[in-house]
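Let's talk through the aromatic side chains here, one question at a time. Have the sequence and the model open as we go.

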Amino acid sequence: MRSTMMDIPLTITSIMRYGTSVYGDREVVTCTGAGTRRRSYAESGRRAARLANALRRLGVDADQRVGTFMWNNAEHLEAYLAVPSMGAVLHTLNIRLAPAEAGYVAAHAEDHTVIVDASLVPRFAGILPHAPTVRHVIVTGAPLAQTPGASELAGVQVHDYEDLLAAEPDSFGWPELDERSAAAMCYTSGTTGKSKGVVYSHRSTYLHSMGPCLGNAFALSEQDRVLPVVPMFHANAWGLAYASLLCGADLVLPDQHMQPDALVRLISGERVTVAGGVPTIWTGVLAQVRAAGGDLSSLRLVVCGGSAVPHALLAAYESELGARLVQAWGMTETSPLGSVANPPPGLSEDQAWPYRDSQGRLFCTVEGRLAGDGGTVLPNDGQAVGEVEVRGPWVTGSYYRDDDPGKFHDGWLRTGDVGTLDERGFIRLTDRAKDVVKSGGEWISSMALENILMSHPDVAEAAVIGVPDDRWGERPFAAVVLRPGAEVSADKLRAFLAEQVPPWQLPERWSFIAEVPKTSVGKFSKRRMREAYQRGDYEVVEAR
Ligand code: ADP
């Protein structure tokens, strides 16, 4: 029997229509450094229509790719609305990639037009020679005539964003779209290899946008003012932009002002209630408040993920800032929300911590399983350790142009993350498959060692990698960044670790460094650490 229900496509166009009308008076606030600028959702909708008209005039038709090379700001939101809704495909380019890598990504996606922030024009000029498909560059954020480096944008037609919009009407004949058609693309940040493209559909984006609004997730609503510090080019700012339109929350966007003091000012000035970013961001904000004070009392929830969230960070936000940090896990491939670490009800605070310290419970619609050696499926018993595999309506089933088919297994995405899964659907990761330390045939969790080290009062950051060892094959090497003014020896840190981990897992090789190298999206770059270790860049201290 067929259902009697209407088959109305789930599209970004409908998110836009709903958000910019029903919540037309809500606002998107953009930080300018000196202050803020504001635009209502209704006005954003009208400007999205102007942008769509302008893009059509430049020849953007059918499913051509329109790239963005932008900070989180009101104009980026306009591109988020206009490009998919006109039937084209939004490609958010990572502004921190090296020129050749960014060019590879733009060429692989065949970007036709790219909207570039004026402050990033010199950087984009370095990418253009590697991106031969780009025909038009639209500069936003400052008048073209006053944009340094604009004359170096060679071989393309260059336009001023505001001039283009001013010449167009503020309505557009939005087409009827197939919900399964491509809406947006995002490339993995390449932490573990070449960047690969994920193509989101309208349907997957619509469903994913409801995720943050669920009570069991972030319970976003029109009561909220949402600050995505996570870039709009990094896995869709975790869905926070579209979700805010869908539920009528205001958006507060940092633009390029993401230094801890600027974020503290923005949060307190705009009374932000929900914020999201990687642990590095929240570590910086915590240090800022400790050093110089700041009012974060408006925050009811800080979503943190992208890499493992240290227990010490979760605890410090609660006890020192009175803000609840919640860990979430996901990947570009999963739109990205995969799981969120709210503990089940009825637990004491002590009983709740193991859940809060985990990567969280799988979102509804996202299924997970564990794969062991040779792909055998392991039990979800919280004990068996294997590679996490997921599937679901907002999980990609392949990469663009079928790159790397080996990442998919019988209709499941192999996440490359290793850990356990329990009966209640909670994931606990021990490592990325490529970062696992294998010592004498046994696995040592680099994440567990890092987490304990970062709970030491003198340690600001700690990263652990596996390094070659004649006897054991591989042993853990710990690189530690101390807090300003702190002094502690490797022996002392080793003894601190020994209180919680068995002796055979304790690192013998240590180094005190100024900063852990980070990837383009602020994660510990273990690849760069391994290269540096191999070159002998680290001054290694032995502790046994
Ligand atoms: P890339 O794969 O290029 O780093 P992504 O941002 O898509 O780009 O990274 C996804 C990966 O980030 C996950 O597979 C996982 O290894 C890591 N990750 C994300 N959230 C968490 C978390 N809460 N704890 C541990 N690792 C995480």
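Q: Does F363 count as buried or exposed?
A: Keep in mind that this is a predicted model. The relative accessibility of F363 comes out at 5%. The cut-off for buried is under 20%, so F363 counts as buried.

Q: How is the aromatic pair of F363 and W394 classed?
A: The two ring centres sit 5.9 Å apart, and the planes make an angle of 70 degrees. Planes over 60 degrees apart get their own class, so this pair is edge-to-face.

Q: How many residues apart in sequence are the parts that F363 and W394 tie together?
A: F363 is in the loop between β16 (360–362) and β17 (367–371). W394 is in the loop between β19 (386–391) and β20 (408–409). So the pair links parts whose separation in sequence is 31 residues.

Q: What class does the pair of F69 and F124 fall into?
A: The centres of these rings are 5.1 Å apart, with 55 degrees between the planes.

Q: Which helix does F124 bring to its pair with F69?
A: F69 sits in strand β3 (residues 65–69), and the pair ties together parts 55 residues apart in sequence. F124 itself is buried, at a relative accessible area of 0%. Its place is within residues 121–127, which is helix α5.

Q: Which residue has the charged end of R428 over its ring?
A: The charged end of R428 is 5.4 Å from the ring centre. The ring it sits over is that of Y355.

Key:
Residues are numbered from 1 along each chain as its sequence is written. This is a predicted model: local features need pLDDT of at least 70, side-chain atom pairs count only at pLDDT 80 or more; totals for chains, interfaces and linings use all residues. Side-chain values use heavy atoms; hydrogens and water are left out. Rings of Phe, Tyr and Trp (its six-membered ring) pair if their centres lie within 6.5 Å; planes under 30 degrees apart count as stacked, over 60 as edge-to-face and the rest as tilted. Helices (H or I, at least four residues) and strands (E, at least two) are DSSP runs, numbered from the N terminus. Buried means under 20% relative accessible area, exposed over 50%, partly exposed in between (1.4 Å probe, protein chains only). A charge sits over a ring if NZ of Lys or CZ of Arg is within 6 Å of the ring centre and within 35 degrees of the ring normal.
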